[in-house]
Amino acid sequence: MKKTLSVFILLIVSVFMLTACGDTGIFASKDDYIIKINDVAVGENEFKLYLYETQSYFSENGGEDIWETDFDGRTAEDVAKDSAINTVKMVKLSAQKANELGITLTEDELASAKDEATSLISKFSEAQKAEINLTEDEIYNIMQEKAIFVKVYNEIAQGYEVDEDEFSSYFDSDAETYTAMYTKFKVQEAIFETKEDAEKILSIGKDDDFLEKAKELGGDSYESEYYKGEMEDSLGINVDLEPGEMSSVIETDAGFYVFKLVSTEEPDAEATREYVKSLYKYNNSQEYFSGEFEKWTNAANIEINQKVLDKLSLTRE
């Protein structure tokens with residue numbers, strides 16, 4: 001199976017939301033550390049927690065065959081290690097930044113971190129637990145820094161402000177596309193067990209009752225509303241129908257799907273603009289944080305123990 005690195009950019013970016021342990025370096029001895037960030041050492045056991053959380057994320061989002069995937073000449077395990085290293089950098093530097101910003105956790109946030117620790121432990125196999133070899137309290141410390149990271153991220157990201165002229169240029173250049181995306185579709189839809197049954201409904205007349213006919217043919221039918229963009233993303237198709245027309249048969253995980261477009265409703269222009277603006281701000285605030293993080297990284301003293309890192313391998317059970 002061959003995939004390029006670009007396919008998994010979102011996996012690697014998203015997984016940095018995982019956290020690290022406290023900044024005392026209590027899990028690392030002099031020689032078995034994996035990475036040091038401004039003299040804060042992360043040992044093998046601590047790093048394995050990052051690595052196995054990354055493994056879990058990759059498997060859930062890319063399937064088990066991801067581990068046989070070639071990433072431009074690199075193994076998925078090597079990519080996972082890089083992702084875990086980036087996660088460690090992100091969390092450790094954010095923890096240090098939290099001290100500067102005076103960011104701490106509330107009692108409710110500490111309680112949530114405790115729940116996160118319990119949930120995380122439950123996801124690991126017995127073999128993985130033995131390899132990680134951290135106590136519940138140590139993992140709890142790790143979840144506390146996850147919460148700290150999120151608060152630092154939010155604090156920094158809030159510093160981004162939308163330039164109205166830039167956004168107007170961005171929106172106006174593709175306004176018709178946004179209007180189409182948020183056009184509301186009212187549809188009658190049906191799901192069948194076999195393709196043959198689904199194809200039968202395509203022969204009904206334009207004025208026939210779609211929902212009733214679908215039930216007669218053994219399908220489950222119902223009426224729903226979707227945004228055009230939402231429906232196209234979900235089905236992986238371009239919906240180019242007029243009211244009264246039916247789709248072709250679409251194979252889905254649930255069965256064979258057919259829908260009839262009943263009506264369309266274009267969105268309010270101002271509401272569409274504001275919604276797109278909120279997405280624009282969200283995406284650009286992420287880039288803003290990434291820029292700040294790059295500055296922290298460039299200013300930090302970071303040392304990776306490549307010899308120890310290369311020896312680590314993943315247990316998948």
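The model is a predicted one, in which local features need pLDDT of at least 70 and side-chain atom pairs count only at pLDDT 80 or more, while totals for chains, interfaces and linings use all residues. Residues are numbered from 1 along each chain as its sequence is written, and side-chain values use heavy atoms, with hydrogens and water left out.

Rings of Phe, Tyr and Trp (its six-membered ring) are taken as a pair if their centres lie within 6.5 Å; planes under 30 degrees apart count as stacked, over 60 as edge-to-face and the rest as tilted. The count by this rule is 17 aromatic pairs. One of them is the tilted pair of Y170 and Y280, with 4.8 Å from centre to centre and 45 degrees between the planes. This pair links distant parts of the chain, since Y170 belongs to helix 7 (residues 164-172) and Y280 to helix 12, 110 residues apart. Helices (H or I, at least four residues) and strands (E, at least two) are DSSP runs, numbered from the N terminus. Y280 has 9% relative accessibility and so counts as buried.

## An edge-to-face pair and a cluster

F289 and W296 form an edge-to-face aromatic pair, with 5.8 Å between the centres and 90 degrees between the planes. F289 is buried, with a relative accessible area of 1%. W296 also counts as buried, at 12% relative accessibility. Both rings belong to one aromatic cluster formed by F149, Y153, F289, F293 and W296.

## Charges over rings

A charge is said to sit over a ring if NZ of Lys or CZ of Arg is within 6 Å of the ring centre and within 35 degrees of the ring normal. K114 lies over the face of Y140, 4.8 Å from the ring centre. The charged end of R273 is placed over the ring of F171, at 5.7 Å from its centre.

F171 is also one of the residues touched by T272.

An open sheet is formed by 4 strands in the order 7-6-9-8, with antiparallel pairing; two strands pair if DSSP finds at least two bridges between them. At the edges are strand 7 (220-227) and strand 8 (250-252), each of which pairs on one side only. From one strand to the next the twist averages 35 degrees. Helix 11 (residues 228-235) packs on the sheet and touches strand 6, strand 7, strand 8 and strand 9, and its direction makes about 125 degrees with that of strand 7. Axes are lines fitted to C-alpha atoms, for helices over the stretch in contact, and angles run from 0 to 180 degrees between N-to-C directions.

Strand 6 (residues 184-192) pairs with strand 9 (residues 255-265) in the antiparallel sense over 9 bridges. Across this pairing, I191 has Y257 in strand 9 as its bridge partner, and F185 stands opposite T264 in strand 9. Strand 6 also pairs with strand 7 in the antiparallel sense, over 8 bridges, and K186 stands opposite E225 in strand 7. Strand 6 is largely enclosed by the rest of the structure, because 7 of its 9 residues are buried.

## Two loop residues with positive phi

N38 is not a glycine, yet it has a positive phi of about 50 degrees. It is found in the loop between strand 2 (33-37) and strand 3 (40-43), and at 31% relative accessibility N38 counts as partly exposed.

N133 has a positive phi of about 55 degrees, although N133 is not a glycine. The loop between helix 5 (126-132) and helix 6 (136-157) holds N133, which is exposed, with a relative accessible area of 53%.

## Totals

The protein has 13 helices and 10 strands. It has 317 residues, of which 42% count as buried. Of the contacts between residues at least 6 apart in sequence, 78% join residues at least 24 apart.

Definitions and conventions:
Contact means heavy atoms within 4.5 Å. Buried means under 20% relative accessible area, exposed over 50%, partly exposed in between (1.4 Å probe, protein chains only). Lists of a residue's contacts leave out its neighbours within four places in sequence.
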